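Dear colleague,

Please find below the structure that I am handing over to you.

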Amino acid sequence: MANENQGHLSRRQFIQASGMAMASMPFLSLALKKPENGQAKNPGDSSFEFSFLTDIHLKPEMNAPLGFQMAIDKVNALNPDFVITGGDLVYDVMRGDYAQSEMLFDLYQKMSRGFQMPVYNCIGNHDLFAIYEESPEGSDHPDYKYGMWERYFGKTYYSFDHKGWHFIVLNSLDVTEEKGYKGILGADQLDWLAEDLRKTDQSTPIVVTTHVPMLTAYWQLSGKRGNVGVENSAKAFQLLENHNLKLLLQGHIHWKESGIPNDRFEFITGGSIAGNGWKGRRHNTREGFVQVKVQGESFSWEYVDHGWEAERLKLQL
Ligand SMILES: [Fe+2]
């Protein structure tokens with residue numbers, strides 16, 4: 001369990017803090033130290049759990065820090081081996097206000113140190129710096145697009161191993177000619193993925209994380225195609241075809257869905273932490289996260305409500 005006196009604010013402190021800039025939030029530096037990445041809690045035991053939190057949309061307003069801290073506290077109480085995030089860590093840096101963008105990533109970085117286990121981050125569309133037309137910064141800015149995210153969190157696509165499972169985190173985003181974003185896996189990344197899989201035994205269970213869904217029923221159910229899918233996802237699935245893909249974790253839509261196409265693997269679109277911009281449910285999906293329990297080669301999962309809806313209603317947001 002988390003030490004209640006370290007790295008945690010009281011709800012009253014959070015409510016007071018909302019709307020303040022990070023410069024006035026020195027208390028967040030009290031966040032707890034994490035163990036080394038990939039450190040097994042119970043060596044020899046092949047079972048483990050991890051949490052998948054997507055679409056956090058952290059910002060100082062709307063009591064978002066309070067809601068995120070509630071999720072962090074819930075994860076720490078469940079005590080998984082690690083956390084994977086699904087992108088849209090902050091809201092947002094696309095419009096290119098440098099000071100605001102720095103403040104947002106700084107806030108996320110400081111708060112996420114409150115997780116008492118390693119955190120593996122995935123990039124979302126709202127994390128792409130200065131890509132919109134209205135941005136005062138151009139594409140020559142060193143932090144443009146992926147730059148700021150990379151400066152804070154490292155590579156935008158990578159893999160790691162845990163207890164015999166292989167985890168691949170993808171960057172599902174790029175910028176269009178019209179200065180919007182689109183769901184796509186870049187050519188360099190697909191080359192990297194082919195090489196990563198070449199080095200991975202075909203029997204190794206694999207979990208892939210992407211912000212923009214590579215599989216979703218959203219557009220067929222809603223009739224709105226929008227920017228909800230990765231346009232070349234088939235290329236990644238073809239590379240994964242002769243591997244032991246078990247689970248695909250996705251974000252972006254802020255709704256919860258799952259399926260098992262052709263008995264091959266399971267995909268989960270994991271709801272969201274922020275709901276509809278912290279002011280209510282989006283697509284009638286309650287705010288929450290996915291808790292995955294792995295046992296040998298199999299897994300089960302559940303959607304965890306970290307209590308934000310009840311808190312939000314109490315606060316009459
Ligand atoms: Fe989002």
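**Findings: strands and sheet**

Glutamine 295 stands opposite serine 298 in strand E13. This pair belongs to a hairpin of E12 and E13, with 2 residues between the strands, and glycine 296 in the turn has a positive phi of about 60°. Strand E12 (residues 289–295) and strand E13 (residues 298–304) are antiparallel and share 7 bridges; two strands count as paired if DSSP finds at least two bridges between them.

The model is predicted: local features need pLDDT of at least 70, side-chain atom pairs count only at pLDDT 80 or more, and totals for chains, interfaces and linings use all residues. Residues are numbered from 1 along each chain as its sequence is written.

The protein chain has 8 helices and 13 strands. These are DSSP runs numbered from the N terminus, helices being H or I of at least four residues and strands E of at least two.

An open sheet is formed by 6 strands in the order E4-E5-E8-E9-E11-E10, with mixed pairing. Its edge strands, E4 (158–162) and E10 (256–259), each pair on one side only. Strand E10 is joined to strand E11 (residues 266–270) by 4 bridges, and the two run antiparallel. Here lysine 256 stands opposite glycine 270 in E11. In general, strands of a sheet pair through backbone hydrogen bonds, either parallel or antiparallel.

Finally, 44% of the 317 residues in the protein chain are buried, meaning that 20 or more other C-beta atoms, placed from the backbone, lie within 10 Å of the residue's own.

Yours sincerely

Notes:
Buried ≥ 20, exposed ≤ 12 C-beta atoms within 10 Å, placed from the backbone.
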